[in-house]
Amino acid sequence: MRTQLTDDERKYFINEIKRLVPDLPHEIADVDKTALFWEDKYNSDNGILGSFDLKHPHSINLSPLGKQMPEMLVSTVAHELHHKWQFETLSIFYFFMAIPGIRQCLLEPTAKEVELAVDKLLGLEDIN
Ligand SMILES: [Zn+2]
């Protein structure tokens, strides 16, 4: 189930992201303008930490693991916000580029790049 972060959760989560990554890449800077949802289907068993869903393009979904450990989700937030930025930039073309198979070649590489850049800022580049 998808539940919007409470005001307190959102404030804490965003403050943590800004504390951890003071030099915010533009993708993360957008977090202030984005609705954030917990998706309780995402957990450590399936390893899914977040998603950007075309049905709700003004928001991103995050694993509730971030309630206790926002630091786990910082690079995921960057990755998913990059997809949101791609959607806003590419508009209708995003739908074609999001077709499975094409998506991996056209949308994922730069999102992964952003994610790794944030991991590097956090000193986590060795875990990927
Ligand atoms: Zn992705």
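Author: The crossing of α3 and α6 is right-handed. This is a predicted model. Helix α3 covers residues 74-90, and helix α6 covers residues 108-121. Their axes lie 8 Å apart. The angle between them is about 150 degrees. Angles over 145 degrees count as roughly antiparallel, so α3 is roughly antiparallel to α6.

Which residues make the contact? On the α3 side they are Val 74, Ser 75, Ala 78, His 79, His 82 and His 83. On the α6 side they are Thr 110, Ala 111, Val 114, Glu 115, Val 118 and Asp 119. By class, the contact holds 5 nonpolar, 5 polar and 2 charged residues.

Now the core. The largest nonpolar core has 21 residues. Helix α3 gives the largest share, 4 residues. Other elements that give two or more residues are α1 (7-20), β2 (35-39), β4 (59-62) and α6. Some members touch the most other members. Among them are Val 74, Val 77, Ala 78 and Leu 81. Ile 17, Ile 28 and Ile 60 also belong to that group.

Val 74 ties these two topics together. Val 74 is part of the contact with α6, and Val 74 is also listed among the core residues with the most contacts to other members. Leaving aside residues up to four places away in sequence, Val 74 touches Ile 17, Leu 20, Val 21, Val 118 and Leu 122. Of these, Val 118 is one of the α6 residues in the helix contact.

Further along comes Phe 87, still in helix α3. Is Phe 87 partly exposed or buried? Phe 87 has 19 other C-beta atoms within 10 Å. A buried residue needs 20 or more, so Phe 87 counts as partly exposed. Phe 87 touches Pro 57 and Tyr 94, again not counting residues up to four places away in sequence. The C-alpha atoms of Phe 87 and Leu 54 are separated by 8.4 Å. Along the chain, Phe 87 and Leu 54 are 33 residues apart.

Ser 91 lies in the loop between α3 and α4 (92-97). Ser 91 is not a glycine, yet its phi is positive, about 55 degrees. Ser 91 has 9 C-beta neighbours inside 10 Å. A residue with 12 or fewer is exposed, so Ser 91 counts as exposed.

Terms used. Residues are numbered from 1 along each chain as its sequence is written. This is a predicted model: local features need pLDDT of at least 70, side-chain atom pairs count only at pLDDT 80 or more; totals for chains, interfaces and linings use all residues. Axes are lines fitted to C-alpha atoms, for helices over the stretch in contact, and angles run from 0 to 180 degrees between N-to-C directions. Angles under 35 degrees count as roughly parallel, over 145 as roughly antiparallel, 65 to 115 as roughly perpendicular and the rest as oblique. A crossing is left-handed if the near helix is turned anticlockwise from the far one by less than a right angle, and right-handed if clockwise. Two residues are in contact if their C-beta atoms, placed from the backbone, lie within 7 Å. Ala, Val, Leu, Ile, Met, Phe, Trp, Tyr, Cys and Pro count as nonpolar, Asp, Glu, Lys and Arg as charged, and the others, Gly among them, as polar. A nonpolar core is a set of buried Ala, Val, Leu, Ile, Met, Phe, Trp, Tyr and Cys residues joined through C-beta atoms within 7 Å.
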